[in-house]
Amino acid sequence: MWSSIDTDKLEWNIMSDFDDISWVHINRSGTTTIVEINEAVTESKADDDSLKGVKVLRKEFESVAYRKQNRITITDIKEYRKLIFFSAQIPLYFNLQQGDIQEEQSDMLTVNGVELPIGIITKTQKYLSFEEYNLTDDELEKLAKKSSSTLKKRSLTDIQW
């Protein structure tokens, strides 16, 4: 399946396996795979043994940072509790308002290390607000540099030196 192919990794594997290939690009056009290859042009030096066995990898990174960003803040946190008594769950609230983030925690009563079927379920609802703002030029540049360094670290971990 096309979706299971990591074309970037495949392109770099081809370039590192064949010394006479300088560039490879793999595309899909409908049901056809198109492989573009540029050959490396080298001048042969028969007496120069200093470069034998040395592979040089060239990797380009492209980072995109967007000026429009969303600032997310938690505006409200509400807790709703239910009493558990054996198989009955008794809500201790009238109306549960769904939040943007839901968490649930149950605290059961324990006596001498034995957990009893009596306890409380606490549902925490967090409500978020989204504020749109534009990054300044300095913030945009910092974001792009951070994104490219993360991309670089992530993609260079597969290379064996």
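## The sheet and its strands

Two strands are said to pair if DSSP finds at least two bridges between them. With that in mind, this predicted model can be described as having an open sheet of four strands, in the order β4-β3-β6-β5 and with antiparallel pairing. The strands at the edges of this sheet are β4 and β5, each of which pairs on one side only. Neighbouring strands of the sheet are turned against each other by 30° on average, when direction is ignored. In general, the strands of a sheet pair through backbone hydrogen bonds, and the pairing may be either parallel or antiparallel.

The link between β3 and β4 can be followed in some detail, for these two strands run antiparallel and are joined by four bridges. Across from Pro-91 in β4 stands Lys-82.

## The protein as a whole

The protein has two helices and six strands, and when it is read along the sequence these elements follow the pattern α-β-β-β-β-β-β-α. Among the contacts in the protein with a separation of 6 or more, 58% are made by residues 24 or more positions apart.

Of the 161 residues of the protein, 12% count as buried. The protein exposes about 13,500 Å², and carbon and sulfur atoms supply 50% of this area.

## Two aromatic pairs

Rings count as a pair when their centres lie within 6.5 Å, and a pair is edge-to-face when the planes are over 60 degrees apart. By this rule there are two aromatic pairs. Tyr-80 and Tyr-93 form an edge-to-face pair, with 5.2 Å from centre to centre and 70° between the planes. This pair links distant parts of the chain, since Tyr-80 belongs to strand β3 (residues 68-85) while Tyr-93 lies in the loop between β4 (88-91) and β5 (101-111), 13 residues apart. Tyr-80 has a relative accessible area of 9% and is therefore buried, whereas Tyr-93, at 22% relative accessibility, counts as partly exposed.

The rings of Phe-85 and Phe-86 also form a pair, and because their centres are 5.0 Å apart and their planes stand at 85°, this pair is edge-to-face. Phe-85 has a relative accessible area of 44%, so it is partly exposed, while Phe-86, at 53% relative accessibility, counts as exposed.

Most residues other than glycine have a negative phi.

Asn-112 is not a glycine either, and yet it has a positive phi of about 50°. Asn-112 is found in the loop between β5 and β6 (114-134), and its relative accessible area of 79% means that this residue is exposed.

## Arg-71 and its surroundings

Which ring does Arg-71 lie over? Arg-71, which is found in strand β3, lies over the face of Tyr-133, at 4.0 Å from the ring centre. When residues up to four places away in sequence are not counted, Arg-71 touches Ser-129, Phe-130, Glu-131 and Tyr-133.

One of these residues, Phe-130, shows how the fold brings together parts of the chain that are separated in sequence: the C-alpha atoms of Arg-71 and Phe-130 are separated by 5.7 Å, although the two residues are 59 residues apart along the chain. Even with these contacts, Arg-71 counts as partly exposed, at 37% relative accessibility.

Is Glu-11 buried or exposed? A residue is called buried when its relative accessible area is under 20%, and Glu-11, with a relative accessible area of 7%, is therefore buried. Glu-11 lies in helix α1 (residues 7-17). Leaving aside its neighbours within four places in sequence, Glu-11 is in contact with Val-24, His-25 and Ile-26.

Notes
Residues numbered from 1 in each chain as written. Predicted model: local features only at pLDDT ≥ 70, side-chain atom pairs only at ≥ 80, totals over all residues. Heavy atoms only, no water. Phe/Tyr/Trp six-rings, centres within 6.5 Å; stacked < 30°, edge-to-face > 60°. Buried < 20%, exposed > 50% of the residue type's maximum accessible area, 1.4 Å probe, protein only. Lys NZ or Arg CZ within 6 Å of the ring centre and 35° of its normal. Axes fitted to C-alpha atoms, helices over the stretch in contact; angles between N-to-C directions. Contact = heavy atoms within 4.5 Å. Areas by Shrake-Rupley, 256 points an atom, 1.4 Å probe, with all protein chains shown as cover.
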